[in-house]
Amino acid sequence: MAFGYPIDGRVVDPGLQLVGPRTLVVSSPPLPPLFSLPPVGYVVTAPVAGFQNLIFPRLFFPRSFIAPRVALDPAILIQMEGKRVQSLLQFMSSEGRVPSPEEETKRKKVMEELKQIVLSWIRKVAWQRHLPKDIIDRTSATILAYGSYGLGVYGPESDIDALCIGPYFASMEDDFFTVLHGMLQSRSEVSELHCVKTAKVPLMRFKFNGISIDFPFAQLRVVSVPADVNIFDPCLVIPDETSQRSFSGVRVNQRILQLVPNLKHFQAMLRCIKLWAIRRGLYSNLLGFFGGIHLAILAAFVCQRYPNASISALITLFFETFSDWQWPNPVILQDPSIPLKNADERCFMPILMPCSPFDWCNSNITRGTFRKIMREIKRGYDITKDQGRLDFQWCHLFNHFPFTESYNYFVRICLIAPDHDELQDWAGWVKSRLRGLLLKLEREYAFCDPNPKEYVDANVDQPNLVFYWGLSLGSRVCIDLSSIKEEFMKIINKEEHSGYKNTNCKLELSILHTSQLPKDVDLNYGSEKRTKACWRIMEYYNQHRKPAYSQYIPSYFIGYVASSGDQ
Ligand SMILES: Nc1ncnc2c1ncn2[C@@H]1O[C@H](COP(=O)(O)OP(=O)(O)OP(=O)(O)O)[C@@H](O)[C@H]1O
Ligand SMILES: [Mg+2]
Ligand SMILES: [Mg+2]
């Protein structure tokens, strides 16, 4: 085995060769640790007899994982790394975050059935439009998955995002939102069907066999859209701007998949980062936190930088990279090679989409949510940076955010409607405007933490949905929300599309002290509980590991290695 050391920011391997600006080769023979500069990272190679000058990078370790100036035994490192990855995968699987084969099959079947519906739809449309018989015979439409399902990282709560692509004669208003809508409505598998026509990317939203589907539409100037349509084909003519925007989601997804060096690592890491964001109350684009697209690009960025890193190292590197990041410097996964459009100056974390037209991800992050995100990223780094530590458990990283311990006051936002269907529409509309309320609360109070979780108040007779947002009052003593509510209701009712002015849909806004929270509402949702996986990991840590010390500095504790358990 030999050692390399970082010198002036570069890393030199005295035994073999320089392998890159952020890597260190551990090979033979060992040299004493002389340099005080902290290494930026390590690639551990397995020494191969007879190939002394070749480097076989196996694993990348973040700098924090290995204390600087300490000699290391690569065999122990690799073993420890393997255990950490294993316990992480075990944790994710026991938390139900890895879809079962049945779930995979169920979703595939939904996609297949939607494809069939879309095929019969387009023939029907061609026939209704009296197109020539050969066109009716030849025409086809298709659907392409994108979002978390397209990336292969969906969780139990995820929807399927599927873009419906139709030929030149299929119009959005008449054929998609009317004919196809009618066909979907008549299917017994379809429920909760809604049209969202005024969104930037207009879509139908429904459940198919209980799975939520986001279903936008785009048109191509062709007679027949093949199932394997190449959406990067420069010859494709996309006739209108709405279709361009609808295509963007699929393109971004496919580009991300092309840019990550190791798809399996990317998918596994993104699943973990998403669970972390959900548990820490950071997963909701509408409420000023991350959406799936933000996390996907940030995760891909880290994977691209560290192609040799293991899944657990990638998680540490995610937190390390973005706690050090000089925001609002943008995160760019693919160099656009064209001048960048100006990011919105209010954007706290600009993230560029990795393909033409290189737009910025839409972000609702506010000053307050940015503060919380950064605090949580630093927490993530603190927990994961030294995984050799005695009390390390993955479940600490994924603990639910302890809302009731963190705030004395909560803003209660209760949305009420006469029936469930109306509640869906009403809540959808209000949620799309909640950033306005958040900004007002931030202006008025010291800090507001919009917990994205939705609750139901059993004491309210009508169908309802309730948010409890954490509130720090700062030096304020007045907690009268009436003026804020008045201003917010103006936003809700003013917009011409809302149409909610004279309906029975209501919004209640109040401030509660923690002691006034309903007894059946657990805002901390399991933060104190230990999951089954956690216990399993603890057992493993307590019973089957023994401490390992550096072979060069015998009293220096490196971590644990598995033992047969007979100690
Ligand atoms: N803020 C945004 N900016 C740009 N594109 C977005 C944004 N939000 C959503 N999209 C597009 O819509 C797609 C689907 O978004 P969605 O909200 O369903 O998240 P997701 O990544 O699929 O995660 P989830 O598992 O929560 O569904 C994204 O992949 C992206 O292409
Ligand atoms: Mg989705
Ligand atoms: Mg979606």
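Two strands pair if DSSP finds at least two bridges between them. Helices (H or I, at least four residues) and strands (E, at least two) are themselves DSSP runs, numbered from the N terminus.

This is a predicted model: local features need pLDDT of at least 70, side-chain atom pairs count only at pLDDT 80 or more, and totals for chains, interfaces and linings use all residues. Residues are numbered from 1 along each chain as its sequence is written, and chains are lettered from A and ligands numbered from 1 in the order in which they are written.

The chain has 16 helices and 18 strands.

Strand 14 is joined to strand 15 (residues 464–472) by three bridges, in the antiparallel sense. Asp 449 has Gly 470 in strand 15 as its bridge partner.

Next, a helix pair. Which residues of helix 2 meet helix 5? They are Ile 117, Trp 121, Lys 124 and Val 125, and on the helix 5 side are Asp 175, Val 179, Leu 180, Met 183 and Leu 184. The axes of helix 2 (residues 101–128) and helix 5 (residues 172–185) come within 10 Å and cross at roughly 125°. Axes are lines fitted to C-alpha atoms, for helices over the stretch in contact, with angles from 0 to 180 degrees between N-to-C directions. Helix 2 and helix 5 are therefore oblique to each other; under 35 degrees counts as roughly parallel, over 145 as roughly antiparallel, 65 to 115 as roughly perpendicular, and the rest as oblique.

Last, some backbone details. Most residues other than glycine have a negative phi, and most peptide bonds are trans. The bond from Trp 327 to Pro 328 is cis, with omega near 10°, and Pro 328 is in the loop between helix 9 (311–324) and strand 11 (331–332). The bond from Ser 356 to Pro 357 is also cis, with omega near 10°. Pro 357 lies in the loop between strand 12 (351–352) and helix 10 (367–384). In that loop too is Phe 358, whose phi is positive, near 50°. Glu 192, in strand 8 (residues 190–196), also has a positive phi near 50°.

Key:
Contact = placed C-beta atoms within 7 Å.
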